[in-house]
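Here is a short report on one protein chain. Keep the sequence and the 3D view open while reading.

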Amino acid sequence: MAILVRIMMVILAYILACIAASIILTIGTLTPQWDDLTSAGLPTAAVWAVVFVGSAAIAAIAMVPALLVIALAEGFAWRSILVYGALGGVLALALSYGLDFAGYVGDPDSFPVREREVLAAAGIAGGFVYWLFAGRKAGIWK
């Protein structure tokens, strides 16, 4: 029974981490144009819609790599907040580079550095939120 509760907590923490990453990604992406958007009357509901659609996209794209990291963290009982933050940032950067993580072969101007910084920040925030809800007690079921 304890393992089922732990699995449910991991799923809940993953969902909340994806929402946190989407909030950081949305804020970081909209910040340079924030004055223009607020003067044009950007509705708050539109921002929240972007956050929730973004969190669904993040959850779908990052599911398999995140599950591998979660399985490793549970198996080795990693409980450090720094581990989860670092792994979240590395995972987000790896997903932004795609399969060519060692050297970006495509056009370097197609994905500017600022967006990679925002993606890394979103991954770190997601890792911290995951740690807050599930990572602090990783491997407790053993």
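**Overall picture**

This is a predicted model. The protein chain averages a pLDDT of 84, and 87% of the residues score at least 70. Confidence is not even along the chain. Helix H1 has the highest mean, at 91, and helix H2 (residues 34-39) the lowest, at 71. Where pLDDT is low, the predicted coordinates should not be read in detail.

The protein chain has six helices and zero strands. Along the sequence the pattern reads α-α-α-α-α-α. Of its 142 residues, 31% count as buried. The chain exposes about 8,700 Å², with carbon and sulfur atoms supplying 77% of that area.

How much of the contact pattern comes from residues 24 or more positions apart? Among contacts with a separation of 6 or more, such pairs account for 85%.

**Helix H3**

Helix H3 covers residues 44-61. Its 18 residues should span 26 Å at 1.5 Å a residue, and the end C-alpha atoms are 26 Å apart, so expectation and model agree.

Which residues of H3 are buried? They are Val47, Val51, Gly54, Ser55 and Ala59. These residues cover an arc of only 135 degrees around the axis, which puts them on the same side of H3. An α-helix has 3.6 residues a turn, so residues three or four places apart point the same way. On the other side of H3, Ala45, Val53, Ala60 and Ile61 are exposed. The cover over the buried residues of H3 includes H1 and H4.

Take serine 55 as one example from H3. Serine 55 has a relative accessible area of 8%, so it is buried. Beyond its neighbours within four places in sequence, serine 55 is in contact with Cys18, Ile19 and Ser22. Serine 55 and isoleucine 23 are 32 residues apart along the chain, and their C-alpha atoms are separated by 8.1 Å.

**Helix H4**

H4 passes the same length check: its 14 residues should span 20 Å at 1.5 Å a residue, and its end C-alpha atoms are 20 Å apart, which agrees. The buried residues here are Ala66, Ile70, Ala73 and Glu74. Seen down the axis of H4, they fall within an arc of 95 degrees, so they line one face of the helix. Val64, Leu68 and Phe76 are exposed on the other side of H4.

Leucine 72 is also found in helix H4. Its relative accessibility is 43%, so leucine 72 counts as partly exposed. In sequence, leucine 72 and alanine 138 are 66 residues apart; in space, they are 9.8 Å apart, C-alpha to C-alpha.

**The salt bridge**

How many salt bridges does a search of the whole structure find? The search finds one. Arginine 6 pairs with glutamate 74, and the closest N and O atoms are 2.6 Å apart. Arginine 6 lies in helix H1 (residues 2-30) and glutamate 74 in helix H4 (residues 63-76), so the pair ties together parts that are 68 residues apart in sequence. Side chains of opposite charge can pair when their charged atoms come close.

Are the two partners buried or exposed? Arginine 6 counts as buried, at 9% relative accessibility. Glutamate 74 counts as buried too, at 8%.

**After H4**

Alanine 77 follows H4 and lies in the loop between H4 and helix H5 (81-97). Its phi is near 55 degrees, a positive value in a residue other than glycine. Most residues other than glycine have a negative phi, and most peptide bonds are trans. With a relative accessibility of 27%, alanine 77 counts as partly exposed.

**Accessibility at a glance**

The table collects the residues discussed one by one.

| Residue | Relative accessibility | Class |
|---|---|---|
| Arginine 6 | 9% | buried |
| Serine 55 | 8% | buried |
| Leucine 72 | 43% | partly exposed |
| Glutamate 74 | 8% | buried |
| Alanine 77 | 27% | partly exposed |

Terms used:
Residues are numbered from 1 along each chain as its sequence is written. This is a predicted model: local features need pLDDT of at least 70, side-chain atom pairs count only at pLDDT 80 or more; totals for chains, interfaces and linings use all residues. Side-chain values use heavy atoms; hydrogens and water are left out. A salt bridge is a side-chain nitrogen of Lys or Arg within 4 Å of a carboxyl oxygen of Asp or Glu. Helices (H or I, at least four residues) and strands (E, at least two) are DSSP runs, numbered from the N terminus. Buried means under 20% relative accessible area, exposed over 50%, partly exposed in between (1.4 Å probe, protein chains only). pLDDT is the predictor's confidence in each residue, from 0 to 100. Contact means heavy atoms within 4.5 Å. Accessible areas come from the Shrake-Rupley method with a 1.4 Å probe; for residues, only the protein chains shown count as cover. The expected span of a helix is 1.5 Å times one less than its number of residues. The arc is that of the directions from the helix axis to the C-beta atoms.
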